[in-house]
Amino acid sequence: MSADTGVVIAGAAETDELGRLPGHSTLQLHIEGALNAVADAGLSLRDIDGIATVSAPGPVQVAHALGITPSWIDGTGVGGTSFLLHVRHAVAAIRAGYARTVLITHGESGRSRVGAGGYRPGASSPPGQFEAPYGTFGPTTTFTIPALRYMKDYGLTHEQLAYVAVAQRR
Amino acid sequence: MTAKPVPVPTPETQPFWDGCAAGELRLQRCADCGRPYFYPRPVCPACGSRDVSWFTASGRATLYSYVINHRAAPGFEDDTPYAIAVVQLEEGPRMMTSIVGLPPTPEALELDMPLQVSFERRGDVSLPVFGPVPAAAPASGAAASGAAASGAAR
């Protein structure tokens, strides 16, 4: 990335432990990963002037928790690709001069659900009115439906799809 | 146990849910480009026109695609496995729904099979669901009384 943009990923890290962590809230997972990433970069929190994270808990809560007053924030939340967009947005912000060092955080108390929001969309939203009542619950119930149609329309087989999963594990 | 989600209408979707309560599947059509669409909203997603109106769809559809879900969404613990489907309405739009009256198996769910709408009570609303088209109904019975009921309503 640096050759094209002049921007580098200076550090990256995970929480101290991974797996089922009922002793950590969602926000604490963000904080722990953030502190480890800042240390990995050889920086201190005083160097951070930009925060990007998905909308819950959101960049404001993360910034408050870390005692950072950012000059630039991004709360883009569009599902599992959010973090790729955060990196692109951070590169653009740094090149535009809005920030020098951006911290991108994520954490999910996926199993323990400590300090975590619900999965259910608002009952008045389009998904809440026209999808959730039929028992949708994440990608396995929604991404699969167009995939099955694609298989019929184009002759894609289960075996061919299995090649993808095998290749990705190499 | 968490209850199943119940849709809460907005002013823009209320006519759709009123239709379901009356046993009708109501869609919108654009007066400018002529296209029918779903889900309900006061602007045509094909051309941006605000000149749209409601009409009653036939309730006939074909099975566009589906998934047989074994990991219950909260509230659906007693239903697994259950089929979540997208149907292609006769008028063109597609909508997500549940499949009723057929076992949730690949053998019973053949893509492009004909389906017919019915309505299930869920809290304060009637939810459109789809099942097999009834075998050619005799002249008397449900179909005739349904026609009489809608005639009387006019």
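Me: Which strands of chain B does helix α1 of chain B lie across, and at what angle to β8(B) does α1 run?
Reply: Happy to start there. This is a predicted model, where local features need pLDDT of at least 70, side-chain atom pairs count only at pLDDT 80 or more, and totals for chains, interfaces and linings use all residues. Residues are numbered from 1 along each chain as its sequence is written, with chains lettered from A and ligands numbered from 1 in the order in which they are written. Helix α1 (residues 14-21) of chain B lies across β7 and β8 of chain B, at about 65° to β8(B).

Me: In what order do the five strands of the open sheet in chain B come?
Reply: Helices (H or I, at least four residues) and strands (E, at least two) are DSSP runs, numbered from the N terminus, and two strands pair if DSSP finds at least two bridges between them. The edge strands, β6 (94-98) and β8 (125-132) of chain B, each pair on one side only. Pairing is antiparallel, and the order is β6-β5-β4-β7-β8.

Me: Which residue in β7(B) is the bridge partner of B:T62?
Reply: Strands β4 (residues 60-69) and β7 (residues 114-122) of chain B pair in the antiparallel sense over three bridges. In β7(B), the partner of B:T62 is B:P114.

Me: Which element gives the most to the side of chain A that touches chain B?
Reply: Residues are in contact if their C-beta atoms, placed from the backbone, lie within 7 Å. The contact takes 22 residues from chain A and 27 residues from chain B. Elements giving two or more residues to chain A's side are α5 (126-130), α6 (139-142) and α7 (144-154). With six residues, the one giving the most is α7(A).

Key
Contact = placed C-beta atoms within 7 Å. Axes fitted to C-alpha atoms, helices over the stretch in contact; angles between N-to-C directions.
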